[in-house]
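Good morning, everyone. Please have a look at the structure on the screen, and then I will walk you through a few of its parts.

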Amino acid sequence: MNNPVDLDGPVVAPVSGGAPRQLVVLLHGYGADGNDLIDLAPHWARQLPDAAFVSPHAPFPCEASPYGRQWFGFEGRDQAEIYAGVQEAAGILDRFLDVALAHFSVAADRMALVGFSQGTMMALHVAPRRETAIGGIVGYSGRLIGPEQLGREIRSRPPVLLIHGDGDPVVPFASMAAAAAALTALKVPVETERRPGLPHAIDPEGLARGGAFLTRVLSGQPAAAKA
């Protein structure tokens with residue numbers, strides 16, 4: 001088991017120049033690393049001038065790439081083995097979040113997780129199992145793994161925004177509706193955004209929707225009506 005401090009990665013300080021009042025943790029996808037998502041920070045920094053952005057590298061080398069990282073493996077594994085991998089990575093990420101909150105002196109409800117693909121899967125697994133609710137989750141192009149287990153293990157219900165392209169050839173677009181239905185059944189506030197024709201990617205419209213959501217949930221404003 002990796003030590004949580006091994007989850008290093010790029011950090012962007014608040015553009016206000018002051019101490020962080022909010023924290024956005026960016027969770028990259030399979031075969032990438034923390035450098036892949038840290039470029040989202042400048043897109044949202046004007047809306048969140050007091051936020052620090054951290055983008056940790058996943059703990060394990062990617063099975064399919066000599067350079068990338070993975071949160072868990074899935075090639076040649078059955079669903080039980082995949083879920084075991086998710087749980088192992090979840091323990092590492094959960095402790096990292098505790099370390100990050102303490103380091104930046106930010107309250108849990110002023111922290112958000114933003115995931116892409118496998119990073120979304122990790123965010124949706126870890127955040128609802130934390131005793132104290134975080135500010136929110138933005139999940140791009142991902143899915144909810146093991147919804148039946150979450151029903152037994154949920155401890156908090158942070159608001160969630162799911163954004164997915166209906167042209168995604170990697171993670172099926174139907175995964176968004178399935179995740180939203182499962183989370184809604186557990187009384188988690190969920191919003192969704194369908195991106196027409198978009199493949200496995202984040203587009204400017206998705207960025208704008210994510211930024212507006214983060215601004216709202218990290219400032220303590222009430223949740224919007226479900227999309």
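Leaving aside its neighbours within four places in sequence, which residues is Val-15 in contact with? Val-15 is in contact with Ala-45 and Pro-49, where contact means heavy atoms within 4.5 Å.

Before I go on, a word on where this comes from: this is a predicted model, in which local features need pLDDT of at least 70 and side-chain atom pairs count only at pLDDT 80 or more, while totals for chains, interfaces and linings use all residues. Residues are numbered from 1 along each chain as its sequence is written, and side-chain values use heavy atoms, with hydrogens and water left out.

Back to Val-15, which sits in the loop between strand 1 (11-12) and strand 2 (22-27); helices (H or I, at least four residues) and strands (E, at least two) are DSSP runs, numbered from the N terminus. Val-15 and Ala-45 are 30 residues apart in sequence, yet 6.5 Å apart in space from C-alpha to C-alpha. Val-15 is exposed, with a relative accessible area of 54%, and here buried means under 20% relative accessible area, exposed over 50%, and partly exposed in between, with a 1.4 Å probe and protein chains only.

Let us turn to helix 4, where 9 of the 9 residues are buried, so helix 4 is largely enclosed by the rest of the structure. Among those buried residues are Met-122, His-125 and Val-126, and these three meet a set of residues in helix 3 that includes Tyr-83, Val-86, Leu-93 and Leu-97. By class, the contact of helix 3 with helix 4 has 8 nonpolar, 2 polar and 1 charged residues, where Ala, Val, Leu, Ile, Met, Phe, Trp, Tyr, Cys and Pro count as nonpolar, Asp, Glu, Lys and Arg as charged, and the others, Gly among them, as polar.

How do the axes of helix 3 (residues 79-104) and helix 4 (residues 118-126) cross, and what distance do they come within? They come within 10 Å and cross at roughly 75 degrees, the axes being lines fitted to C-alpha atoms, for helices over the stretch in contact, with angles running from 0 to 180 degrees between N-to-C directions. Helix 3 and helix 4 are therefore roughly perpendicular to each other, since angles under 35 degrees count as roughly parallel, over 145 as roughly antiparallel, 65 to 115 as roughly perpendicular and the rest as oblique.

In the loop between strand 6 (111-116) and helix 4 we find Ser-117, which has a positive phi of about 55 degrees although it is not a glycine. Most residues other than glycine have a negative phi. Ser-117 is also buried, with a relative accessible area of 8%. Ser-141, in the loop between strand 7 (136-140) and helix 5 (147-153), likewise has a positive phi of about 55 degrees without being a glycine, and at 1% relative accessibility Ser-141 counts as buried.

Finally, Ser-117 brings us to the largest pocket, whose lining includes Ser-117, Gln-118, Met-121 and Arg-143. A pocket, on a 1 Å grid over the protein atoms alone, is an open set of points with protein on both sides within 12 Å along at least five of seven lines, and lining residues have an atom within 4 Å of a point. By class, the lining of the largest pocket has 8 nonpolar, 3 polar and 1 charged residues.

Terms used:
1 Å grid on protein atoms, 1.4 Å probe; cavity = no way out; pocket = protein on both sides within 12 Å on 5 of 7 lines; lining within 4 Å.
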